[in-house]
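Here is a short note on the ligand site, the cavities and some backbone details. Please read it beside the model.

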Amino acid sequence: MSQVKVSNAAKAKVAEEIKFDILTNVPEGDNELKRSQIARAFISDTITVPTKEMYSYALLASLGDDVYHEPSTAALEAHIAKISGKEAGLFMPSGTMSNQIGLRTHLMQPPYTILCDNRAHIYKYEVGGAGFHSGAAVTPVAPSNGHHLTLKDVESNVVYGPDVHFAPTEIIALENTLNGTIFPQDEIISISEFARSKGIKMHLDGARIWHVAAEIGTSLKELLDPFDSASLCFSKGLGTPIGSCLVGSKEYITRARRIRKLFGGGMRQTGFLAGAAAYALTYNFPLLARVHALAGKLQKSFEEIGVTILSPAETCMIFYDAGSIGSTYDEIAERGALLPEPLFLGGSRVVLHIQTSEDAVNDFINLIATIAEEKRKAGFIKPEIQVNGHQDVYVRRAN
Ligand SMILES: Cc1ncc(COP(=O)(O)O)c(C=O)c1O
């Protein structure tokens, strides 16, 4: 109780200052506009939004506190662990936190190095987190085939042995899909067998592993068998608002749970987020096949128009060369934005997602055909250039 007598008017004044009606700023119509824009946005799959059905289902989940025990979240973690063939899982607010805690939990005492692809999210887009959180050096390796790391690439860059000049490789971190491409499983197995023979841990950034499972019809368990730990995201291809899951052994996840708390990632009433993830696993995962088919259609049409494809539509992304039709990404994005129903386009990377509409894909193809035709009429002749495999010659966004 306050010692000083405070008037009810003063308390009411404070309450008046604090209150905020968010719905006057976001009327319902705006959300419908947002949904229609997302159906026409090719920038990323992180922009997908929860549907009313997802929210309705999610709100039925339990109301526990996850730092102690949240029943729906625990059930989700157990389910993800089971389908991944791992002992335990840990719900995370983001893919970045899941990867970084995943790495930190393996790493006990520097000096050490993490070996990964030089295009990997953990290396390029996690703010130097491996150095900051784990004191780890990173060996970024350019895949010699331009598509995925091979055992040979790994063997020639891994660090071990008695030479005191070097920080030994403690983790090999792979990413699948990477830029939408599928890592051949036999190569992963070879790298993993090598890693295990040297006592090196294997971590997977599986933010979009769902796409691999959907495309090649292989179980998550089989895909994740070669790894000691993996991070799987719900908020990208699967379309939830938030959430990832780290999986590994019971002992590993017990330590990761403490490190998550240390990082400030111990969350409270996460039940509805777990509910959204469960909805996505059941209803959104089956939609990925359509997404991949649409990406394939987009690529085929681009090729027919004469567009050079820099990285093909193995799953939900393609990378193309605007210069191959005499245009630029800025010009294409500006023209897309001026359409009666605008398209939202980024650079060379084109991402399709579960909320992409077929009309948007057709409009994008027509836009590219129109621009290519205009450029041809203006005298543009496509130069004879060699595209070297799937080189990282394009600008890649962080998400
Ligand atoms: C492959 C990959 N891993 C990790 C992340 C990080 O996820 P988040 O944005 O949830 O931190 C992303 C982001 O899109 C990603 O593309």
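1. Ligand shell. The closest residues to the ligand are G95, T96, D205, R208 and K236, out of 13 that surround it. A residue counts as near if one of its heavy atoms lies within 4 Å of the molecule. Helix 5 (residues 95–106) gives the largest share of this shell, three residues. Helices (H or I, at least four residues) and strands (E, at least two) are DSSP runs, numbered from the N terminus.

2. Basis. This is a predicted model: local features need pLDDT of at least 70, side-chain atom pairs count only at pLDDT 80 or more, and totals for chains, interfaces and linings use all residues. Residues are numbered from 1 along each chain as its sequence is written, and side-chain values use heavy atoms, with hydrogens and water left out.

3. Polar contacts. These are pairs of N or O atoms within 3.5 Å. A nitrogen atom of the ligand lies 2.7 Å from an N or O atom in the side chain of D205. For R208, a polar side-chain atom is 2.8 Å from a ligand oxygen atom. G95 uses a polar backbone atom, 2.9 Å from an oxygen atom of the ligand. On its own the ligand has 390 Å² of accessible area, and the protein covers 88% of that (Shrake-Rupley method, 1.4 Å probe).

4. Shell classes. The shell has six polar, five charged and two nonpolar residues. Here Asp, Glu, Lys and Arg are charged; Ala, Val, Leu, Ile, Met, Phe, Trp, Tyr, Cys and Pro are nonpolar; the others, Gly among them, are polar.

5. Cavities. How many cavities of 30 Å³ or more does the structure hold? There are four. A cavity is a set of points on a 1 Å grid over the protein atoms alone where a 1.4 Å probe fits but cannot get out; lining residues have an atom within 4 Å of a point. Volume is the space filled by probe spheres set on the points, which are joined across faces, edges and corners. The largest cavity holds about 40 Å³. Its lining includes D117, R119, H147 and H148. Three lining residues are nonpolar, three polar and three charged.

6. Backbone. Most peptide bonds are trans, and most residues other than glycine have a negative phi. The P110 to P111 bond is cis, with omega near 5°; P111 sits in the loop between helix 5 and strand 2 (113–117). N176 and T177 are also joined by a cis bond, omega about 0°. V127, not a glycine, has a positive phi of about 60°.

Technical notes. 1 Å grid on protein atoms, 1.4 Å probe; cavity = no way out; pocket = protein on both sides within 12 Å on 5 of 7 lines; lining within 4 Å. Polar contact = N/O pair within 3.5 Å; in protein donor to acceptor, adjacent residues only side chain to side chain.
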